[in-house]
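Hello,

Here is the structure I promised to pass on. My notes follow below it.

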Amino acid sequence: MTFPSRRLRRLRRTPALRRLVAESQLTQNDLIAPLFVREGITEPQPIESLPGVMQHTQASLLDEVRQLRDLGIPGVILFGVPQHKDAEGSEAWNPSGVVQVALNELRADLGDDIVVMADLCVDEYTDHGHCGIVGGDGHVDNDATLEIYARIAQAQADAGAHVVAPSGMMDGQVAAIRAGLDQAGHTEIPILAYSAKYASALYGPFRDAVDVTIVGGGDRKAYQQDWHNSREALEEIRFDLDEGADMIMVKPAVTYLDIIAAAREITDVPIAAYHVSGEYSMIKAAAANGWIDGPAAALEQLTAVKRAGADMILTYFAREIAETL
Ligand code: PBG
């Protein structure tokens with residue numbers, strides 16, 4: 001047979017040939033591990049809907065981050081579960097709040113060995129579960145929330161965060177945080193902006209992990225993006241870049257590969273994608289039933305996220321994947 005398409009299968013014949021022509025490759029250098037640290041516990045607590053992931057004590061967190069460093073993972077991102085929640089989420093900027101304590105301890109032990117990022121939001125810290133200050137009309141007040149985000153950024157940077165990552169989807173949050181950091185002398189701290197973050201049904205297990213219930217059965221559709229839209233994501237990304245974002249993020253990942261690919265077309269800054277809790281748990285649950293090969297499905301999905309154009313991936317599989325790569 002001499003038809004030209006004959007050559008496609010020639011390059012798939014052996015594992016080494018396939019490796020040679022592979023266009024995208026997932027390595028441990030692409031991975032950021034999301035980690036939960038909870039105040040007031042003495043033993044790490046498993047999270048039922050996120051098999052293999054823990055709410056850490058300060059001590060078990062340190063141990064975990066040391067191991068991730070040893071596996072060659074370059075970054076972690078911290079989420080705090082405070083004992084005390086209030087209307088503003090004030091524990092989020094308390095210098096002795098759970099994440100600030102963790103940042104101090106991790107930096108004291110690990111220095112610059114691994115990039116320690118802090119998620120910057122208040123939903124884990126507010127008694128109503130929203131990502132900002134709720135105004136009289138029941139909506140999250142954009143500008144009042146920006147003020148507290150700037151305070152949190154300063155507290156996180158003071159405590160040793162290498163990077164702050166605002167995830168609240170308020171308009172103007174990157175500009176407010178950049179100004180707050182600069183005023184406090186933290187001109188060198190980069191912002192990883194959760195720019196295109198959708199109001200997804202895939203965050204359920206995360207909300208178990210951080211003990212968040214949105215008051216009155218509410219949702220985040222008045223600030224997170226509507227998943228009917230894609231051009232709007234590019235608007236979000238352009239504004240964040242104009243406001244000074246150093247890196248941008250698309251979230252979730254696999255349902256939003258089109259957004260990652262479109263983002264890659266419009267910017268050369270590093271792009272992160274968040275393979276979220278529901279994406280992880282779906283694979284874990286199907287694998288536990290023997291319905292799919294879990295590790296193979298995880299590698300396929302995460303490689304697809306890179307293929308779409310992401311430079312780094314926040315994933316609960318970070319440790320497991322790094323152990324096999
Ligand atoms: C907000 C935040 C959320 C996630 C990361 N940051 C939850 C939300 O927006 O409701 C979800 C991550 C995941 O599902 O893994 N602080």
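**What was found**

Asp143 sits in helix 5, residues 142-159. Helices here are DSSP runs of H or I with at least four residues, strands are runs of E with at least two, and both are numbered from the N terminus. Asp143 is exposed, because its relative accessibility is 52%. The cut-offs: buried is under 20% relative accessible area, exposed is over 50%, and partly exposed is in between (1.4 Å probe, protein chains only).

First, the basis. This is a predicted model, in which local features need pLDDT of at least 70 and side-chain atom pairs count only at pLDDT 80 or more, while totals for chains, interfaces and linings use all residues. Residues are numbered from 1 along each chain as its sequence is written, and side-chain values use heavy atoms, with hydrogens and water left out.

**Surface patches**

Asp143 belongs to a negative surface patch. Asp and Glu count as negative, Lys and Arg as positive; His and the chain ends are not counted. Each charge is placed at NZ of Lys, CZ of Arg, CG of Asp or CD of Glu.

There is also a nonpolar patch of about 300 Å², made by Leu11, Leu20 and Val21. Leu20 lies in helix 2, residues 15-21. Leu20 counts as exposed because its relative accessibility is 69%. Patch residues have over 30% relative accessible area and no salt bridge; like charges are joined within 9 Å, and nonpolar side chains (Val, Leu, Ile, Met, Phe, Trp, Tyr) within 5 Å. Areas come from the Shrake-Rupley method with a 1.4 Å probe, and for residues only the protein chains shown count as cover.

**Salt bridges**

The whole structure holds 12 salt bridges. The criterion is a side-chain nitrogen of Lys or Arg within 4 Å of a carboxyl oxygen of Asp or Glu.

One of them pairs Arg319 with Glu64, with the closest N and O atoms 3.1 Å apart. Arg319 is in helix 12 (residues 318-324) and Glu64 in helix 3 (residues 58-70), so the pair ties together parts 255 residues apart in sequence. Arg319 is partly exposed at 25% relative accessible area. Glu64 is buried at 16%. Glu64, Arg319 and Glu323 are linked in a network of salt bridges.

Another joins Asp246 and Arg178, with the closest N and O atoms 3.9 Å apart. This pair links distant parts of the chain, 68 residues apart. Asp246 is in the loop between helix 8 (231-243) and strand 8 (247-251), and Arg178 is in helix 6 (residues 173-183). Asp246 is partly exposed at 34%, whereas Arg178 is buried at 14%.

Asp112 and Arg107 also meet in a salt bridge, at 2.9 Å from N to O. Asp112 is exposed, with a relative accessible area of 60%. Arg107 is partly exposed at 25%.

**Buried residues**

Gln100 is in helix 4, residues 98-110. Gln100 is buried, with 1% relative accessible area. A polar atom of the Gln100 side chain lies 3.3 Å from the backbone oxygen of Ala92.

Ala272 is in strand 9, residues 271-275. Ala272 is buried too, at 0% relative accessible area. The C-alpha atoms of Ala272 and Ala310 are separated by 5.6 Å, and the two residues are 38 apart along the chain.

Best wishes

Conventions
A polar contact is a pair of N or O atoms within 3.5 Å; within protein, one must be able to donate a hydrogen and the other to accept it, and residues adjacent in sequence count only if both atoms are side-chain atoms.
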